[in-house]
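Dear colleague,

My notes on it follow.

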Amino acid sequence: MWRRVASVSHLTFAHNSTVNKNACTFKCWEAFTTEIPRKEKTTYQTAKTPFITFVLGGPGSGKGTQCMKIVENFGFTHLSAGDLLRREIASNSADGIMILNTIKEGKIVPSELTIKLIQKEMESSDNYKFLIDGFPRSEDNRKAFEQIFGAEPDNVLFFDCPEDEMVKRVLNRNQGRVDDNIDTIKKRLKVFTALNLPVVNYYLEKGKLYKINGVGTVDEIYKQVHPVFSTFNFEKCCVD
Ligand SMILES: Nc1ncnc2c1ncn2[C@@H]1O[C@H](COP(=O)(O)OP(=O)(O)O)[C@@H](O)[C@H]1O
Ligand SMILES: Nc1ccn([C@H]2C[C@H](O)[C@@H](COP(=O)(O)OP(=O)(O)O)O2)c(=O)n1
Ligand SMILES: [Mg+2]
């Protein structure tokens, strides 16, 4: 279980990632043992810094597929913004209909709502390595995340894939998604170019972007992804 704390000035950073250290030393995470029986167990505090990777790319560029491989190889927790929003629709929550209509139109759900869902998952996770897939999809998403979390991602993957390949993959996806039809895809591609590419360029300028050629077999693509993570010693990433 993770809980955000306001002051973690005792933390040091044992890895050389490009984490926004000022932000992360201010808002970090505090972990408590989750061993049973929790109430009787002496609580000890360990401070850990989350390692956050944003995974970007157009619809059908292979984000989710490659995330599964990163999870297998590096033990990340995969948080797909789209999956969290679809779960919200399925749970008939108060925002469900609005989210459904937004997704059908190929538009972006208000940032605060998506961030709330991501934050809830992160806070209830024992892990400290997170792949946040399909987020941020707009500058508004990005700025709202930075404001709410007070932190930036450690790195950002961008799967670069031609539109015709993305359309082909999405139309063959067969997951029964309301947005996997040609009309919605056309809208999503326009939204991707207008709203998501500025985010990609932002992280490129910040030196955090890893541009991956999204064409090829899943394994060929993963060969480009693996080295991005194998350079980190995750065990030493955090202070226990
Ligand atoms: N390299 C690839 N070549 C062919 N098809 C792929 C490849 N990677 C993923 N796919 C397939 O394309 C579809 C979209 O992939 P997905 O990972 O869901 O993309 P995204 O999350 O970016 O929308 C899925 O049906 C997936 O199985
Ligand atoms: N940050 C996000 C992520 C997804 N959404 C909405 C709008 C997107 O078109 C849908 C589906 O997103 P998802 O990441 O699952 O889609 P792809 O995997 O790229 O095909 O969810 C959003 O509004 N804001
Ligand atoms: Mg996906």
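Gly60 is situated in the loop between strand 4 (51-57) and helix 2; helices (H or I, at least four residues) and strands (E, at least two) are DSSP runs, numbered from the N terminus. This is a predicted model, in which local features need pLDDT of at least 70 and side-chain atom pairs count only at pLDDT 80 or more, while totals for chains, interfaces and linings use all residues. Residues are numbered from 1 along each chain as its sequence is written, chains are lettered from A and ligands numbered from 1 in the order in which they are written, and side-chain values use heavy atoms, with hydrogens and water left out.

An unreviewed UniProt entry places the feature "binding site" at Gly60, Ser61, Gly62, Lys63, Gly64, Thr65, Arg173 and Gly216. The lining of the largest pocket includes Gly60, Ser61, Gly62, Lys63, Gly64, Thr65, Arg173 and Gly216. A pocket is an open set of points on a 1 Å grid over the protein atoms alone, where a 1.4 Å probe fits, with protein on both sides within 12 Å along at least five of seven lines; lining residues have an atom within 4 Å of a point.

UniProt (unreviewed entry) also places the feature "binding site" at Arg86, Lys107, Ile108, Val109, Gly134, Phe135, Pro136, Arg137, Arg177 and Arg188. From this set, the lining of the largest pocket takes in residues including Arg86, Lys107, Phe135 and Arg188. UniProt annotations may be inferred rather than shown by experiment.

**Backbone features**

Phe135 and Pro136 are joined by a cis peptide bond, with omega about -5 degrees. Pro136 belongs to the loop between strand 6 (129-133) and helix 6 (139-149). Asn92, although not a glycine, has a positive phi of about 55 degrees, and is placed in the loop between helix 3 (81-90) and helix 4.

**Helix packing**

The axes of helix 2 (residues 63-74) and helix 9 (residues 218-230) come within 10 Å and cross at roughly 50 degrees. Axes are lines fitted to C-alpha atoms, for helices over the stretch in contact, and angles run from 0 to 180 degrees between N-to-C directions. Helix 2 and helix 9 are therefore oblique to each other (angles under 35 degrees count as roughly parallel, over 145 as roughly antiparallel, 65 to 115 as roughly perpendicular and the rest as oblique).

Helix 3 and helix 4 pack at about 130 degrees, with their axes 8 Å apart, and are therefore also oblique to each other.

Yours sincerely
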